[in-house]
Structures are given as C-alpha cells and as structure tokens.
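My notes follow in the order I looked things up.

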Amino acid sequence: TIFNANVLFVPDSLERISSSGVDMLRLNFIDEDPETVRSIIDLHRDVMDNGTGVLGGYEGLIGRIKAGGFTKGHYFRGV
C-alpha cells in the first residue's frame, strides 16, 4: 500500500459515500496516538449513523487534522 503524504480525510462527504451504497469503511492508521484513533473512529461512526450535522461536535479534531495537512484523494475528481 502506498499512502499519500497527507491524511485522506472526507468527513463532510461520508453521507454521500454512504448513500452510494457503501456500508463498510476501512480506516488506516499509521502513527496516530490511541486517543486520536478513538476520536477519528467515533467521528466516522457518528457521521455514518447520524449524518454530517454532527460534525460541529468534532471541530477540534477536524481542525487538528486539517492543520496537519489532508487530502480528499480522487474520490470526487472523476479520476
């Protein structure tokens, strides 16, 4: 597996991904600490269960991830 230099992060698109028929996600972690891993898993579960309206409760986590550099990959680029 070759990973991007930036974290792949698409929390605002999870509803769209889920509505396309995806019912399972795989989250890969490389060097995150255990608390961050738990928080990211909680975020994904919450959004998948309750929609993107819950993202406001994760502003701190989202801000830290975005500040460290992230990408949305090629999911919505038509590649």
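I began with Lys72, which counts as partly exposed at 31% relative accessibility. The model is predicted, so I keep that in mind throughout.

**Salt bridges**

I looked up the partner of Lys72. Lys72 forms a salt bridge with Asp12, and the closest N and O atoms are 2.8 Å apart. This pair links distant parts of the chain. I placed Asp12 in the loop between β1 and α1, and Lys72 in the segment after β2, 60 residues apart. Asp12 is partly exposed, with 43% relative accessibility.

How many salt bridges are there by this rule? I get two. The other entry I noted joins the side chains of Glu35 and Arg38, at 3.1 Å from N to O. Glu35 and Arg38 both sit in helix α2. They are three residues apart, about one turn of the helix. Glu35 comes out partly exposed at 46% relative accessibility. Arg38 is also listed as partly exposed, at 46%.

Next I checked Thr36, which is in helix α2. Is Thr36 buried or exposed? I find Thr36 buried: its relative accessible area is 19%, and buried means under 20%. A polar contact of 2.8 Å joins its side chain to that of Asp33.

Asp33 lies in the loop between α1 and α2, with α2 spanning 34-50. I have Asp33 as partly exposed, at 39% relative accessible area. I also took the separation of Asp33 from Gly21, twelve residues apart along the chain. Their C-alpha atoms are separated by 31 Å.

**Aromatic pair**

I then counted aromatic pairs and got one. The rings of Phe9 and Phe70 have centres 6.3 Å apart. Why do I call the pair edge-to-face? The planes stand at 90 degrees, so the pair is edge-to-face; the cut-off is over 60. This pair, too, links distant parts of the chain. Phe9 is in the loop between β1 (7-8) and α1 (14-19), while Phe70 is in strand β2 (residues 70-71), 61 residues apart.

Phe9 is buried, with a relative accessible area of 4%. Phe70 is partly exposed, with 29%.

**Nonpolar patch**

Leu8, Tyr75 and Phe76 make a nonpolar patch of about 310 Å². I placed Phe76 in the segment after β2. Phe76 counts as partly exposed, at 35% relative accessibility.

Note on methods
Residues numbered from 1 in each chain as written. Predicted model: local features only at pLDDT ≥ 70, side-chain atom pairs only at ≥ 80, totals over all residues. Heavy atoms only, no water. Phe/Tyr/Trp six-rings, centres within 6.5 Å; stacked < 30°, edge-to-face > 60°. Helix = DSSP H or I, 4+ residues; strand = E, 2+ residues; numbered from the N terminus. Buried < 20%, exposed > 50% of the residue type's maximum accessible area, 1.4 Å probe, protein only. Patch = residues over 30% accessible without salt bridge, like charges linked within 9 Å, V, L, I, M, F, W, Y side chains within 5 Å. Areas by Shrake-Rupley, 256 points an atom, 1.4 Å probe, with all protein chains shown as cover. Salt bridge = Lys/Arg side-chain N within 4 Å of Asp/Glu carboxyl O. Polar contact = N/O pair within 3.5 Å; in protein donor to acceptor, adjacent residues only side chain to side chain.
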